[in-house]
Amino acid sequence: VQDPACPSAQWRFRLEAKDGGTELSQWMQMGPGRSGLSVAIDRMPEKEQKIVFVRMREFERNMTVTLAHIKKLAEAR
């Protein structure tokens with residue numbers, strides 16, 4: 001995301017053969033570049049742990065929904 005030389009985040013999908021089918025997983029890494037999360041932490045450094053925790057839960061929830069939708073589309077064919 002943003003600058004390829006110093007991304008604010010990297011996102012990946014992985015496909016792996018499993019039990020006669022395919023397992024899809026999603027992965028992300030924050031940084032090393034700055035993001036909106038960095039700005040929020042700069043503004044409220046005393047709340048860094050909570051800010052990161054909340055954002056990680058958002059990532060988890062959104063990634064779960066994304067994978068569920070892909071699964072539904074893949075299995076409907």
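## The aromatic pair

In this predicted model, a search of the whole structure turns up one aromatic pair. It is made by W11 and F59, whose ring centres are 5.5 Å apart. Their planes meet at 85°, and planes over 60 degrees apart count as edge-to-face, so the pair is edge-to-face.

W11 belongs to strand β1 and F59 to helix α2, so the contact ties together parts that lie 48 residues apart in sequence. How exposed or buried are the two partners? W11 has a relative accessible area of 39%, which makes this residue partly exposed. F59 has a relative accessibility of 8% and counts as buried, because the limit for that class is under 20%.

## A charge over a ring

Another ring contact involves R57 and F53. The charged end of R57 sits over the ring of F53, at 5.0 Å from the ring centre.

Strand β1 covers residues 9-18, and β2 covers residues 21-30. The two strands run antiparallel and are joined by ten bridges. Among the bridged residues, A9 has M30 of β2 as its partner, and L15 has L24 of β2.

Together the strands form a hairpin, with two residues between them.

## The largest pocket

Rolling a probe the size of a water molecule over the atoms shows where empty space is left. The largest pocket has a volume of about 230 Å³. Its lining consists of L15, T22, E23, L24, L67, I70, K71, A74 and E75. Two elements, β2 (21-30) and α2 (48-75), each give two or more residues to this lining.

Which element gives the most to the lining of the largest pocket? Helix α2 does, with five residues.

## How the parts connect

The bridge partners L15 and L24 are both among the residues that line the largest pocket. Helix α2 gives residues to that lining and also holds F59, the partner of W11 in the aromatic pair.

Terms used. Residues numbered from 1 in each chain as written. Predicted model: local features only at pLDDT ≥ 70, side-chain atom pairs only at ≥ 80, totals over all residues. Heavy atoms only, no water. 1 Å grid on protein atoms, 1.4 Å probe; cavity = no way out; pocket = protein on both sides within 12 Å on 5 of 7 lines; lining within 4 Å. Points joined across faces, edges and corners; volume = space filled by probe spheres on them. Helix = DSSP H or I, 4+ residues; strand = E, 2+ residues; numbered from the N terminus. Pairing = 2+ DSSP bridges. Phe/Tyr/Trp six-rings, centres within 6.5 Å; stacked < 30°, edge-to-face > 60°. Buried < 20%, exposed > 50% of the residue type's maximum accessible area, 1.4 Å probe, protein only. Lys NZ or Arg CZ within 6 Å of the ring centre and 35° of its normal.
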